[in-house]
Every structure is written in C-alpha cells, then in structure tokens.
Amino acid sequence: MDRKYIIEGGNFSEAGFASSDVKKLLKKLGLPTNIIKKVAIAMYEAEINVVAHAYRGEMEFKIVPGQIRVTVQDEGPGIPDVELAFTEGFSTASSKVREMGFGAGMGLPNIKRNTDEISLHTEVEKGTKLSFIINFT
Amino acid sequence: MAENIRRKNNKYFHSVRLKEDLCVGCTHCLRTCPTEAIRVIDGKAVISEQRCIDCGECIRTCPTDAKYALTSPFKMIENFKYRVALPAPSFMAQFDSDKISLDKVYTALNLIGFQYIFEVAAAAELVNFATEQYLKKTKKKPLISSACPAVIRLILTRFPEYVDNIAMLEPPMDIAAKISKELVMEKEQAKESEVGVFFISPCAAKVTAVKEPAGKEKSPVTGVFSMTEIYDRVMSVLKDIKKIKKFEHAGKMGIIWGVHEGELQSAHVKKKVAVAGIHNVISFFENIGLKVFNNLDFIEAQACIPGCVGGVLAPTDKFLAKIRLKELATKLKISQLHPEKIIKKYNMDFFLLEKKPEPRNISKLDTDLIKAMEKSEQIDQLTEEFPGIDCGICGCPTCRALAEDIVLEGKLSKFDCIFILKQKIKNIKDELESNDNFKKK
Ligand SMILES: Nc1ncnc2c1ncn2[C@@H]1O[C@H](COP(=O)(O)OP(=O)(O)OP(=O)(O)O)[C@@H](O)[C@H]1O
Ligand code: SF4
Ligand SMILES: [Mg+2]
C-alpha cells in the first residue's frame, strides 16, 4: 500500500500533513503505537526539512508486511557536508525559520534514531533524496 | 439496581442512553457525535458501545429529548445513615449569589437529606498541590489533565498514542469522595457501609467515570445525581429554610476548576494550553505538530465549553455560570479550609491512580495487517463512489462511515446510499426503455 505527498518549500502551515495522514492510516491498520510514533517523528522531520531548507519535494510512503519505507526527494540546495548535517545541534536554518521554533539541528539525528535503515543522497544546488526504513513485527 | 443495567449487548457501561419511543430518527445527533458512534437503524439513533465516550453532545442536540443521561435515583440516599453531598465546582455557579447565597444553597442541601457537604473545589485545591509535585517528578511531558472523563475516554478510543501523557492523578471528585468518607467515618464512628458520598454532576461523563472508572477498579463515589435535579430540589425547599447555616468554602484556585482555563492557573509550568469543547479537543490532538506537542508541559482539555459549567446536566446558562463562578472565585480568594495543612496528612500515593488507563483501539480495521490493508483500500474505493455530501439518509454520519460499515460489518450495502440506488433505478429504466424501442422498431 502506498501514498504520495507533494511538499512545498516555505509552506510551514501545511507541513505535517503527510505525517499526520500516515499516522491515521497506521492506526487503522493496527500497527503498534511505538512504531506509529517512530514513523510519525521521522516523516515529520523529513517533511519539515524540505519545507525549511528546500524548494519543493515529493514524499513516498509504502507499507508492506514487516516494513515501512519512506522516500523524500527534493529540489533544493543540497547538503554540502552530510556528516556535519547529521551532527546534533548543527543547523543552517535562517533566523526566520528559527523564529518559528525550528532549527535546533535535531531533525536528521532524530530521523536516524527512529529508523532502522537510512540513506541520504545529495547533490549541491540540485537536491536531496532521503530514504528510510522502519521494521515492525 | 436499575442503573447498573448496561445498554444492550455491551462491554462498556454508558450513561448516555436513547429513549427509543422519543427518537424520530432525524440524524441531528448523527452529525454532532464527535466519535461517529451513532447510526440510525430502523429509524432509531442507536449508540455504539465501542465508540461512545459519554460526552453528551447528542443530549445537547437532540430536538426531541430522546437522548438522556442515566444518573442515580435520588432515593438511593435512603440506604445510608450518613450522606455526603459532593457539589462540583460548577454547582457553585448555578445560583445568583446576590439572591441565594452559597450558604443558603448548602443549608438547602442539608434539608433535602445530606448531613454533610464537601466541596469538590476543596479537593481540587489539594489536587493542585499534587499536580505541582507530579509535574516536578514526571519525565513524560506534556501532562494531560485527568479531570474530564469524556476527554480521557476520547484518548483511550481515538488517541491511544497519548495515553502515556495522561496524568496518573485522581480527579478532584474522587479525592473529595475519599477524604469526606474518611472524615465522616471518623467523626460519627461509622462503618464504611453507613456512609454514602454523592457527586452532584454537571455531566454524563462523570456518571460513567463512577460506574466504570478508568485507572482503578472501583470508584469511591457512591452515586451521581444530575445537577439539574438537585437544583430543582434545592429551589423547592428554599422557602422552608428558617436559619441559614455557615459553611467553610474552598478558595479561588479550587472553585475556578469549573471553568475553562481554571485548572491551568495552578499548573506552574511555562508551556501550557487549555482546550475546551470535544470537537476542539479532537482537532487539537489531530492537528498539533509533534514538535509543538512535545514542547508543551501541561494540557487542560475539557469536553465542554466553557468548561464544566457547560456540562449538559447543568441547568444555568453556561456563559452566565462562567461569569458567576469567576466572581465567586474573586470573592472567596483564600480557601477557608487550609489546603496547605490538609495536604500534609496525605502522601503522594493517595493522589495517584491505581493503574494506567487502558486504551481501547477502535480504529483498527483488522488484526491481520494484509486484511487491514485490503479493507482500507476497499473503503477508499467505495467512498469514491458515494457523492460525498454526508446526507445521513443511509443512517451513517458520513459517506466514508457508510463505506466503513459496509466493509467492516457487512450489514449494509452500497444501495443503502440513496444516490447509488437512484442511479441504479435509472439504469434499469433506461435499459427497459431501450429494449422497448428495440421491439417497436
Ligand atoms: N532537505 C534538505 N535540503 C537542504 N539542506 C538540508 C535538508 N535537510 C537538512 N539539511 C541541512 O542539514 C542541517 C541539519 O538538519 P536537521 O534537520 O538535523 O536540523 P534543522 O532542520 O536545521 O533543525 P531542526 O530539524 O532541529 O528544526 C540543516 O540545517 C540544513 O543545513
Ligand atoms: S468538561 Fe466537565 S462537565 Fe464536561 S464532560 Fe468533562 S468533566 Fe463533564
Ligand atoms: Mg530539520
């Protein structure tokens, strides 16, 4: 089963739609609460990153028995130093984004903590593709 | 006892009920029910056991008074030698204090049969202290107040992911019941079975909270009376009062629990929010971003607007009652009961729930994931076929709810949708006509 969402850069008021929609679906599918929480956190952070740092993006969600796979592909500035981006507290968020309560540099580390597999491909000035997997029994 | 009778074939007790003979099947309640618990079946608005949270919204909207709250029969007090009335804070706002003082109201309570009156507002003052301690210790934030049983049941049925955020604290009603029973037993040298403690309730949800408590085995409250009924009884004996007795009253911080943002005032944390109205509570939980949610320290959530004064069993206009309660709170600023001294008699355990309330996952489509996925897809497809205008004629609150009922329960078919049926009839008619034309030629 899959779902697809379009994410618009800069549109903070709509951000979070994909993760709450998936959360509703997973509740109906009867997944354990702790798994739903992990998925919701990881998807939310990934969504916000597109909104805060990129121009536009697409999020694909897929559930198969035992596994949830999410891919977020965006057009944007890309990430010059991936290792640095995954460091807790590192952020290039603009002051405008910080005023909105984001930019603590915890998003990517949080995604990593809540997922079982993660991969990030990025090209500076082109965009970023983030994929992650969450396993469940 | 009649009130122990559960609704038909059911797992859960509910105080909100239907008088079938009064129900005209009009669909008003169908639309307003926040948990989509109602279906019109054979012309009657039947409530689902699993989904109902006893918030009372259907009682509020029913134009024929077919929905009602089952409360304890008043004559129940006769079974007890010593009777304690536990007026909810909202009760204190039902009377115009310029004409009928609180002491006069309580004297009337004496007259109708309660030897003792213990204000739930006084217990709320103690819960304020307990919450303060709890907030210091708990790692789980934000804390969601445990005071409104309709909200607790909403979380248990629709938002199991927030169950861990519910404060494991006894609501003021329960604390009032425990303390007052203890006091009377001591004072009268009475046995527990001789003391009845009765809550004067603004709502149906509190009846359910007593009959089937979440977070403990048995409620310390003996019975729950409708605030409207007690109001009427009080009014009818006022003329017989010869001398108004003097009572000690709780102070502002307890009384104010009866209105929206009241409890919030005593939660001394930085990030707090109060939400009122069951539909507002739902959209709050559904739409709040995770980051914002996790940043909060305390959430007061009440099913009624503007707080308990807006409960369905409270007779006075809710906004008038709100103003009255606020005025009363300003007048009775300092508690006459010295909560800071009483609290020392009890340890923290006294204020804690026995066990974690258990979620009831009702949104689950199937226990098997593959089947659940299939069902979810079937529901989506069916929903697409329906017109999406949520007319209610099929007996379901929304087109999606009909699709869900068809797939999950199998009792209805898509031809229960009048639009699909009309289309089908038209198709048959067209087919017959074209056959006719064919023959004529
Ligand atoms: N999709 C993206 N496109 C471009 N840069 C990104 C993207 N996602 C993350 N980054 C870069 O990586 C940094 C760290 O990201 P991370 O999500 O950990 O923190 P943040 O978004 O800055 O703050 P927070 O997530 O705590 O609100 C960002 O500041 C940004 O420079
Ligand atoms: S807000 Fe108060 S009156 Fe309304 S349901 Fe909750 S506890 Fe009852
Ligand atoms: Mg981020």
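At what angle do H14(B) and H15(B) pack, and how far apart are their axes? The views below come from a predicted model.

**View 1. Helices H14(B) and H15(B) pack together.** Two packed helices are described by the angle between their axes and the distance between the axes. Here the angle is about 135 degrees. The axes of H14(B) and H15(B) lie 9 Å apart. H14(B) and H15(B) are therefore oblique to each other. Their crossing is right-handed. From H14(B), the contact uses B:Lys375, B:Gln378, B:Ile379, B:Asp380, B:Leu382 and B:Thr383. From H15(B), it uses B:Arg400, B:Ala403, B:Glu404, B:Ile406, B:Val407 and B:Leu408. Sorted by class, the residues of this contact are six nonpolar, two polar and four charged.

**View 2. Helices H1(A) and H2(A) pack in chain A.** The angle between H1(A) and H2(A) is about 165 degrees. Their axes are 8 Å apart. H1(A) and H2(A) are therefore roughly antiparallel to each other. H1(A) crosses H2(A) in a right-handed way. On the H1(A) side, find A:Phe17, A:Ala18, A:Ser19, A:Val22, A:Lys23, A:Leu26 and A:Lys27. They meet A:Ile36, A:Val39, A:Ala40, A:Met43, A:Tyr44 and A:Glu47 of H2(A). This contact of H1(A) with H2(A) has nine nonpolar residues, one polar and three charged.

**View 3. The largest pocket has a lining of 48 residues.** Its space comes to about 1200 Å³. Which residues lie nearest its centre? They are A:Ser20, A:Lys24, A:Lys27, B:Arg158 and B:Glu286. Several elements give two or more residues to the lining. In chain A they are helix H1 (17-29) and helix H2 (33-53). In chain B they are helix H10 (278-287), helix H11 (290-295), helix H14 (369-385) and helix H15 (399-409). H1(A) gives the largest share of the lining, nine residues. By class, the lining of the largest pocket holds 19 nonpolar, twelve polar and 17 charged residues.

**View 4. The largest cavity has a volume of about 220 Å³.** Rolling a probe the size of a water molecule over the atoms shows where empty space is left. How many cavities of 30 Å³ or more does a search of the whole structure find? There are eight. The largest cavity is lined by 20 residues. Closest to its centre are B:Pro89, B:Ala147, B:Lys206, B:Trp257 and B:Cys308. H4, helix H6 (172-188) and E11 of chain B each give two or more residues to this lining. E11(B) supplies the largest share, three residues. The lining of the largest cavity has 13 nonpolar, four polar and three charged residues.

**View 5. The second largest cavity has a volume of about 160 Å³.** Its lining counts 16 residues. B:Ser146, B:Arg153, B:Pro171, B:Ala209 and B:Ala214 are the closest to its centre. Two elements of chain B give two or more residues to the lining: helix H5 (149-158) and helix H7 (204-211). H5(B) gives the most, with three residues. By class, the lining of the second largest cavity divides into eleven nonpolar, one polar and four charged residues.

View 6. Where is B:Pro142 found? Look in the loop between helix H4 (120-137) and strand E7 (143-144) of chain B. B:Pro306 sits in the loop between strand E11 (298-302) and helix H12 (318-331) of chain B.

**View 7. B:Asp42 has a positive phi.** The value is near 50 degrees. B:Asp42 is a residue other than glycine. Where in chain B does B:Asp42 lie? Find B:Asp42 in the loop between strand E2 (38-41) and strand E3 (44-47).

Key
Residues are numbered from 1 along each chain as its sequence is written. Chains are lettered from A and ligands numbered from 1 in the order in which they are written. This is a predicted model: local features need pLDDT of at least 70, side-chain atom pairs count only at pLDDT 80 or more; totals for chains, interfaces and linings use all residues. Side-chain values use heavy atoms; hydrogens and water are left out. On a 1 Å grid over the protein atoms alone, a cavity is a set of points where a 1.4 Å probe fits but cannot get out, and a pocket is an open set with protein on both sides within 12 Å along at least five of seven lines; lining residues have an atom within 4 Å of a point. Grid points are joined across faces, edges and corners, and a volume is the space filled by probe spheres set on the points. Helices (H or I, at least four residues) and strands (E, at least two) are DSSP runs, numbered from the N terminus. Ala, Val, Leu, Ile, Met, Phe, Trp, Tyr, Cys and Pro count as nonpolar, Asp, Glu, Lys and Arg as charged, and the others, Gly among them, as polar. Axes are lines fitted to C-alpha atoms, for helices over the stretch in contact, and angles run from 0 to 180 degrees between N-to-C directions. Angles under 35 degrees count as roughly parallel, over 145 as roughly antiparallel, 65 to 115 as roughly perpendicular and the rest as oblique. A crossing is left-handed if the near helix is turned anticlockwise from the far one by less than a right angle, and right-handed if clockwise. Contact means heavy atoms within 4.5 Å.
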